[in-house]
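This report covers interfaces and backbone geometry. The sequence and structure come first, and the text follows.

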Amino acid sequence: MTVSGEILDQHWLDSRARPFIHIRGVTKQFGGFTAVNNVDLDIYQGELFCLLGGSGCGKTTLLRMLAGFETPTSGVISIDGVDMNDVPPYERPVNMMFQSYALFPHMNVENNVAYGLKRDGLSKEEIRLRVGEMLAMVELSDFSKRKPHQLSGGQKQRVALARSLVKRPKVLLLDEPLGALDKRLREQTQFELMNIQDRLGVTFVVVTHDQEEAMTLSTRIAVMDAGQFVQVGTPTEIYEYPATRRVADFIGSINMFEGRVTENDADHVVVDSTDNALRFFMDHGASVSDGSRVWVAVRPEKIRLSRTPPPNEANQIEGVVQDIGYLGNVSIYRVRLESGMIVEVTVPNQTRPRDGKHAAGWEDRVFLDWEASSAILLTR
Amino acid sequence: MVKRGSSTFLLSMLCFGMAFLYVPMFLLIVYSFNNSKIVPVWGGFSTRWYKVLFESEEVWNALALSVKIALVNASFATLLGTLAGLALVRFGSFRGRTLFGGMVSAPLVMPEVITGLSLLMLFITLKEFVGWPDKRGFATITIAHITFSMAYVAVIIQSRLTGMGTTLEEAAQDLGARPLRVLVDITLPLLAPGMLAGWLLAFTLSLDDLVIASFVTGPGSNTLPMLIYSRVRLGLRPDINALATIIIVTVMFAVAIAGWIMMRQQKQKEREMQLATTGDAQ
Ligand SMILES: Nc1ncnc2c1ncn2[C@@H]1O[C@H](COP(=O)(O)OP(=O)(O)OP(=O)(O)O)[C@@H](O)[C@H]1O
Ligand SMILES: [Mg+2]
């Protein structure tokens, strides 16, 4: 799903495309505290845009400004070409699913979902139909007469999702929509979200803590930290070319070697680790100066593990297996280097381990290496 | 481990405290059945004072006046107090908000005699200039009661609104409800328990009040507390004991019924919870 989205409509690469949500220089301060700091962002029609970031970094605040519950201290937000500054929440073409669900406790599930449709003055028959459809989608048809306090956490979440989806808004803001769902329902709902996005052309802005969810769901991801965007890009860009150590660390796991640039050319860079024990070779140039402090980052699945010394000299490390985590499809090896640093390596289990023996055992001496193109050079 | 000595001490303190609270009431009830006209002298069992009481038109009038005032007061105080609470919590920071907030809650801390006195001054001044109220009684007492019980309602509503948070109202707005709709659909239903509590509090405060009512009443308009007080001032009277007994029994019944209703609601809730958890299996 995301693949077709990426190839067919990469609006953000098209300089003529008009963004659907247009955010410029938006800052939000609470008293002296800056929750969102001078943010610029364009989101295009039909995107499924993920906001990713640690707790308290300003994701909800940004969403609330889009929904109209907070007024930006400065900056402009426009949706579908209309400046939203003076538009009250009830007139915005936006629906939000709240982090705390915000179900009306005195209405049953059916009436909760129907509330928005009633405000639009739809006919009783149409309301009944659409509510029924929506409840069927979130598998809550049998619960339509229940009050919110009679529902489990996951059920509440599904009602909240149904309530925000049923109005088919132009923009749907979801604040951690799938957190309380079990794996099966979560995947199903993710699929359904992408389906709705395809079918109705709804633009989604989704807040999530879960980087895996962000990777599978989104057309693009913005990684936030302390009220600012650290990086905005497609899941692949964010994963393969993180801009900072923070982003690299936040998305997936990564091994980070601190070092200094010793050779710096248009076609390659050489970095010596801080304790001079290791030498890293990268087959691409970078805008760094000789002697500057950098970090070489390698994803665990990009590292090869072998019992015998590998042929190529560069990017080679020796260590001792300290820990093996068997996950079925892959095994995670934690290898201790001489310096005491732990390197994580993911090895696909291509053959079945014989007699319970793995590619390498505990306390075995192993060699690690990777392609010269696999490592990421980070300067901050 | 609780030492035996300390538990005996606690127990005796408890008994002492309970006795302090309930022995007087018990005495009151016992002496209301006293045949003798002089209260502390036991003259045998009799219900004659109840008969005296029921035949006294004065008592019935006072009771009717008190209840009438309490009902009107509770309704108006709930209405005004709710509006004041909403204004203070939901309308952000308008000009004069702090002053308004202080003024709303001032009657809570003002000595009753001052409230009573100032209201009396108001009514006298009003009469001087606009010719109303020409007779003090039901209307003046009700107005006086509304001014102070409204403050209690406003406090209850304020705390409930603050505790409720704004998320639900935001959710309704988000779904397209204009502010007035939000008020009717979401805020007021959620405030209903608070408003009921406020109404009951205003009702009992009014029924209870002696000081303020005495200030702003006129000749011939006696509320029940005023009647009791004026009669007892001339010495204890057995018919007043009977009246007090009736009041105690009524209150006891009211409390018991309220407890029973609350227990039933609790049970209902538990049943619903059980339904919710067992219904989960899909
Ligand atoms: N109304 C408010 N008044 C003062 N500070 C606020 C207010 N709302 C949010 N903040 C602060 O702004 C920062 C960002 O909050 P926000 O709710 O946007 O975080 P978040 O990224 O959604 O976090 P989480 O993932 O935990 O939900 C936090 O430090 C929070 O304390
Ligand atoms: Mg949040």
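A residue is called buried under 20% relative accessible area, exposed over 50% and partly exposed in between, using a 1.4 Å probe and protein chains only. By that rule A226(A) is exposed, with a relative accessible area of 56%, and D80(A) is partly exposed, at 26%.

This is a predicted model, in which local features need pLDDT of at least 70 and side-chain atom pairs count only at pLDDT 80 or more, while totals for chains, interfaces and linings use all residues. Residues are numbered from 1 along each chain as its sequence is written, chains are lettered from A and ligands numbered from 1 in the order in which they are written, and side-chain values use heavy atoms, with hydrogens and water left out.

**Backbone geometry**

Most residues other than glycine have a negative phi, and most peptide bonds are trans. A226(A) is not a glycine, yet its phi is positive, about 50°. A226(A) sits in the loop between β9 (220–225) and β10 (228–233) of chain A. D80(A) also has a positive phi, near 50°, and is placed in the loop between β4 (74–79) and β5 (82–83) of chain A. Helices (H or I, at least four residues) and strands (E, at least two) are DSSP runs, numbered from the N terminus. In chain B, the peptide bond joining W132(B) and P133(B) is cis, with omega about 0°. P133(B) belongs to the loop between α5 (112–130) and α6 (138–164) of chain B.

**Chain B against chain A**

Contact means heavy atoms within 4.5 Å. On that basis 31 residues of chain A and 24 residues of chain B take part. The size of an interface is often given as the accessible area lost when the parts come together. Buried area is what two parts lose in accessible area (1.4 Å probe) on being put together, summed over both. For chain B and chain A this is about 2400 Å², with 56% given by carbon and sulfur atoms.

A salt bridge is a side-chain nitrogen of Lys or Arg within 4 Å of a carboxyl oxygen of Asp or Glu. Three are found across the interface of chain B and chain A.

On the side of chain B that touches chain A, α7 (167–174), α8 (179–208) and α11 (238–278) of chain B each supply at least two residues. The largest share, seven residues, comes from α7(B).

**The two domains of chain A**

An automatic or database domain assignment sets the domain bounds. In chain A it gives domain 1 (2–248) and domain 2 (253–378). Their centres, taken over C-alpha atoms, are 38 Å apart. Each domain gives eight residues to the contact. Between them the domains bury about 750 Å², 54% of it on carbon and sulfur atoms. Of the area that domain 1 of chain A buries against domain 2 of chain A, Y239(A), R245(A) and A248(A) supply 69%, more than any other three residues.

The rule finds one salt bridge across this domain interface. Two salt bridges are listed here by name:

| Salt bridge | N to O distance |
|---|---|
| R119(A) and D185(B) | 3.3 Å |
| K302(A) and E240(A) | 3.3 Å |

On the side of domain 1 of chain A that touches domain 2 of chain A, the elements giving two or more residues are α8 (235–240) and α9 (245–250) of chain A.
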